[in-house]
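Here's a quick briefing for anyone meeting this structure for the first time. Have a look at the picture, then read on.

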Amino acid sequence: MYPTFTASIEEVNETVCNVGKWVVAAGVFGFVVHGLFFVFVVTQSFNPSFPISPVSILFAPIVIIYIVALIKIRGLKNVSGDDLFSTGPIVIIAGLIFNLITGFLLFSVLTGFGTEPHTIFNPFAFLFTILFSNVAGLIVLVGNIMLAIAFWHFGELNRSNLIRLGAVLQILLNVIFLSFIGDIGLILIGLQLYFLASKGRETLSSPTTLMVIKNELLRGKPSGTVVDLRKTAETYGLPPYLLIPLVKQWITVGELKGMLDGHKYVSYGTDM
């Protein structure tokens with residue numbers, strides 16, 4: 001189901017472009033930080049004196065960037081009409097907050113809640129905190145799966161194998177030592193969104209091309225003719241997520257006689 005657009009077609013395209021930039025940023029920073037963390041763990045795992053805190057601090061900026069990217073991604077709901085673009089990021093952010101809380105509790109348990117001298121280690125509190133940490137990780141995983149489904153559908157709509165591949169890879173973001181693969185998924189998604197938006201901006205700036213597309217949909221179409229707008233969009237270099245609202249707009253103002261059925265245009269014929 002596709003949304004009723006309250007923004008202009010150009011604003012819709014800029015939303016996709018903006019999301020692409022933030023997703024790429026989250027993927028690039030995440031890849032660097034997760035890569036460094038992996039190297040530190042491999043090279044310093046047998047060094048008990050190695051200070052892990054400075055390395056952990058590196059995660060603060062990437063978490064912030066990732067949360068901003070998730071907030072931006074929610075805007076794709078207004079582009080695609082897919083509720084998972086709104087629900088998925090909310091679930092992930094909730095899981096991240098839950099994970100932050102359990103991480104603080106785990107640190108407190110291991111350090112005796114800041115008391116001096118340290119209190120006796122409580123194994124029950126430790127296991128309880130670990131359990132809730134796993135629950136937080138599960139919440140993030142569920143959110144990532146929801147987001148992967150949303151991006152997969154968006155990739156299908158726009159006939160983009162890169163977005164679909166990125167959607168699958170980004171599920172691994174919260175799998176330890178495989179997070180960098182999830183970051184690659186984000187980079188693929190972000191770059192493709194940016195390229196689609198750039199191509200869409202170029203086509204939207206050409207009234208002649210838009211007129212050709214409209215005439216193609218109008219010319220000699222008997223009643224009941226079904227046109228796959230994804231193929232039409234690919235032919236003229238316009239992303240389907242832009243062509244669909246354009247066709248809807250042309251139908252609304254009476255320039256086209258037909259109806260939309262998902263990504264398909266059904267002509268009422270040229271005799272109406």
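Is methionine 146 buried or exposed? Methionine 146 counts as buried because its relative accessible area is 18%, where buried means under 20%, exposed means over 50% and partly exposed is in between (1.4 Å probe, protein chains only). Keep in mind that this is a predicted model: local features need pLDDT of at least 70, side-chain atom pairs count only at pLDDT 80 or more, and totals for chains, interfaces and linings use all residues. Residues are numbered from 1 along each chain as its sequence is written, and side-chain values use heavy atoms, with hydrogens and water left out.

**The overall picture**

- The protein has eleven helices and three strands; helices (H or I, at least four residues) and strands (E, at least two) are DSSP runs, numbered from the N terminus.
- Reading from the N terminus, the elements go α-α-α-α-α-α-α-α-α-β-α-α-β-β.
- The protein has 272 residues, and 39% of them count as buried.
- Take the contacts (heavy atoms within 4.5 Å) between residues at least 6 apart in sequence: 68% of them join residues at least 24 apart.

**Around methionine 146**

- Methionine 146 belongs to helix H6.
- Setting aside residues up to four places away in sequence, methionine 146 touches Leu84, Thr87, Gly88 and Val91.
- Alanine 167 is 21 residues from methionine 146 in sequence, and their C-alpha atoms are 9.9 Å apart.

**Rings that meet**

- The whole structure holds five aromatic pairs; rings of Phe, Tyr and Trp (its six-membered ring) pair if their centres lie within 6.5 Å, and planes under 30 degrees apart count as stacked, over 60 as edge-to-face and the rest as tilted.
- One of them joins phenylalanine 85 and phenylalanine 151 edge-to-face, at 5.1 Å centre to centre with 80 degrees between the planes.
- That pair links distant parts of the chain, since phenylalanine 85 is in helix H5 (residues 84-110) and phenylalanine 151 is in helix H6 (residues 123-157), 66 residues apart.
- Both phenylalanine 85 and phenylalanine 151 are buried.
- Phenylalanine 85 also pairs edge-to-face with phenylalanine 154, at 6.1 Å centre to centre and 85 degrees between the planes.
- Phenylalanine 85 lies in helix H5 and phenylalanine 154 in helix H6, so this pair ties together parts 69 residues apart in sequence.
- Ring pairs link Phe85, Phe151, Phe154 and Tyr241 into a cluster.

**The nonpolar core**

- In soluble globular proteins, nonpolar side chains tend to be buried together.
- Here the largest nonpolar core has 49 residues, and Phe151, Leu193, Leu217 and Tyr241 have the most contacts inside it (a core is a set of buried Ala, Val, Leu, Ile, Met, Phe, Trp, Tyr and Cys residues joined through side-chain atoms within 4.5 Å).
- Beyond its neighbours within four places in sequence, leucine 217 is in contact with Val227, Leu229, Val247, Trp250, Leu256 and Tyr265.

**The strands**

- Strands E1 (residues 226-228) and E3 (residues 264-267) run antiparallel, joined by three bridges; two strands pair if DSSP finds at least two bridges between them.
- Valine 226 has valine 266 as its bridge partner in E3.
- Strand E2 (residues 258-261) is also antiparallel to E3, with four bridges joining them.
- E2 and E3 make a hairpin with two residues between them, and glycine 262 in the turn has a positive phi of about 70 degrees.
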